[in-house]
Amino acid sequence: MIRIGNASGFYGDRSAAWREMLEGGPLDVLTGDYLAELTMLILGRDRLKDPSLGYARTFLRQMEECLGLAAERGVRIVTNAGGLNPAGLATALRSLAARLGLSTSIGYVEGDALDRPGALAANAYLGAFGIASCLTAGADVVVTGRVTDASLVVGPAIAHYGWTRDDLDALAGATVAGHVLECGAQATGGNFSFFTELPDGGRRPGFPIAEVHADGSAVITKHPGTGGAVTVETVTAQLVYEIAASAYPGPDVVTHLDTVRLAQEAPDRVRVTGTRGTPPPPTLKVGVAGIDGHRNAMTFVLTGLDLDAKAALVRTQLEDAVGKEGLTFTVTETAGGALLNAAIHDPDPKRAGRAFSSAAVELALASYPGCTLTTPPTDATPHTIFTTEELPQPPLGRPAERHPHRNPPPARTEPLIRELVDEHAARHAHQLPDQPQGWRGRVGTRSGDKGVDANVGVWVRRAEDYAALAGWLTGERFVELLPEAAGHPVERYELPNLGALNFVVRGLLARRDWLDPQGKALGERLRARIEEGP
């Protein structure tokens, strides 16, 4: 087998994780995922200020103390921290290695960047064969730009076993392992619905490891003595995170998540088997990061009597000061009254900046009785937006500086068929089954973002509950429980092997007034309403 660990799930994850993973036990490869969709926007803004940037600078600082340790332990490193400038990060790493007196070989994969006028960045999601080429050529560290998150694990497995593009089941199995690892501690109890049941109460979950075998099956585990837990449920929670249909498309293989089987092999060891793969689609996913105006917000504290009238006064005063265009007001009740959030969205950074926030502060002695603000005057921030598109799959990517051959294209592709089980429609309204009794503590959830879409995964803790959940939680019922999804197309997919359902809410996260811009809290809101009723 090849033993692959993860030390980062996003740009800003636990800084000490790289050292913890290198020191915690044996590994062959250590990966780090830095490129959430939001990160591409951050890196795009960095590159506007300084064209030599565009990569995750925290990774370079982490390697300051870990590059030598990885060499000493014989652990190879694979990361997408190259972001929008993998060549720049590779150059910086070579300089670091020379300063540390190391003979580390650095390879990088690029070729994902596309030209989209007016966009901060546009990048195709590449696959794993460029990473494998770098490793086969002898790289100790492989830096990539935009690849699929799972490719960080699939690439080392390809290099280790010599898989070809025809080894579809093995590629799919490794993709599942990569999907479990890609978000770091989410596979070991982080953000877990039943965190209070974890051995350490979820205080400091360790980072995950996948022991990937020659057939693509894997065991998910973690270093001994680290926090959290690896159970069928923690792995299930990650598997239903940020997916859509059970046919999970990638540039190298379509992974059929409804074929995955999980089994608790031993404490903190979950075996993943049965995954089937089919040829990839003829298109690549492209992520486009851009700026959609500027935003700012100020928060007023409302207490005492006449709260509605106080909020109305602030609204009128701010509209008089800066105009109505782009202003929104949200009132949130608190134990002692309410908070009024006044927000603005405008193409002009000056109007959305100090013109707005200073106008709010100027009301401190000229508005409602007891007027208090929790925020000082601030400048506006760019309101970023991330969209996706598709383009025909070409042989993109340059595997390594010293080996400039291009990635081999897929041997064959097939059109992607999305097996939609249930789409929210009014025809279901008259035939909703009654809610099963006693759901408390029996259903877990996890949610996230897929561009402007949100996904909500729901799983049952006991296999015998799945039929009841699947029969009751239709697309119509989902919208009843989560009214914020109303007005958006809602798709529902079944994953019976995992005891899970997955819902995709199209376009939900494009809302400018949305307080949960990455959809992270949707699952917990749904879980509470399943237990308590709408």
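Student: At what angle do helix H1 and helix H3 pack?
Tutor: A quick word on the model: it is predicted, so local features need pLDDT of at least 70 and side-chain atom pairs count only at pLDDT 80 or more, while totals for chains, interfaces and linings use all residues. Residues are numbered from 1 along each chain as its sequence is written, and side-chain values use heavy atoms, with hydrogens and water left out. Helices (DSSP H or I, at least four residues) and strands (E, at least two) are runs numbered from the N terminus, and axes are lines fitted to C-alpha atoms, for helices over the stretch in contact, with angles from 0 to 180 degrees between N-to-C directions. For H1 (residues 17-24) and H3 (residues 57-73), the axes are 9 Å apart and the packing angle is about 10°.

Student: How are H1 and H3 placed, roughly parallel or roughly antiparallel to each other?
Tutor: Angles under 35 degrees count as roughly parallel, over 145 as roughly antiparallel, 65 to 115 as roughly perpendicular and the rest as oblique. The angle here is about 10°. H1 and H3 are therefore roughly parallel.

Student: By class, how many nonpolar residues does the contact of H1 with H3 have?
Tutor: Contact means heavy atoms within 4.5 Å, and on the H1 side Trp18, Arg19, Leu22 and Glu23 meet H3 residues including Phe59, Met63, Leu69 and Arg73. Ala, Val, Leu, Ile, Met, Phe, Trp, Tyr, Cys and Pro count as nonpolar, Asp, Glu, Lys and Arg as charged, and the others, Gly among them, as polar. Besides four charged residues and one polar, the nonpolar number is seven.

Student: How many of the residues of helix H5 are buried?
Tutor: Buried means under 20% relative accessible area, exposed over 50%, and partly exposed in between (1.4 Å probe, protein chains only). Phe129, Gly130, Ile131, Ala132, Cys134 and Leu135 are buried in H5, and their cover includes strand E3 (76-79), strand E4 (106-109), strand E6 (141-144), H6 and helix H7 (168-181). H5 spans residues 129-136 and is largely enclosed by the rest of the structure, because of its eight residues the buried ones number six.

Student: And which residue with a positive phi follows H6?
Tutor: H6 covers residues 151-161, and eight of its 11 residues are buried, so it is largely enclosed by the rest of the structure. Among those buried are Leu152, Val153, Pro156 and Ile158. With phi near 70°, the residue that follows H6 is glycine 162.

Student: What is the phi of the glycine that follows H5?
Tutor: The residue in question is glycine 138. Its phi is positive, near 105°.

Student: Is glutamate 319 buried or exposed?
Tutor: Glutamate 319 is found in helix H9 (residues 307-322). Leaving aside neighbours within four places in sequence, glutamate 319 is in contact with Lys324, Leu327 and Phe329. With a relative accessible area of 18%, glutamate 319 is buried.

Student: How does aspartate 306 count at 58% relative accessibility?
Tutor: Aspartate 306 lies in the loop between E14 and H9. Its phi is near 55°, a positive value in a residue other than glycine. At 58% relative accessibility, aspartate 306 counts as exposed.

Student: And how does aspartate 268 count at 24% relative accessibility?
Tutor: Aspartate 268 sits in the loop between strand E11 (261-266) and strand E12 (269-273), and its phi is positive too, near 60°. With 24% relative accessibility, aspartate 268 counts as partly exposed.

Student: How far apart in space are alanine 245 and leucine 262?
Tutor: Alanine 245 is in the loop between helix H8 (232-239) and strand E9 (247-249), and is buried at 2% relative accessible area. In sequence, alanine 245 and leucine 262 are 17 residues apart, and in space the C-alpha to C-alpha distance is 19 Å.

Student: Which element gives the largest share of the lining of the second largest pocket?
Tutor: On a 1 Å grid over the protein atoms alone, a cavity is a set of points where a 1.4 Å probe fits but cannot get out, and a pocket is an open set with protein on both sides within 12 Å along at least five of seven lines; lining residues have an atom within 4 Å of a point. About 620 Å³ of space lies in this pocket, where grid points are joined across faces, edges and corners and a volume is the space filled by probe spheres set on the points. Its lining has 24 residues, with Leu38, His383, Thr384, Ile385 and Pro517 nearest the centre. Six lining residues, the largest share, come from E18.

Student: What volume does the second largest cavity have?
Tutor: The count comes to two cavities of 30 Å³ or more. Residues lining the second largest cavity include Arg165, Asp166, Pro279 and Arg412. The volume of the second largest cavity is about 30 Å³.
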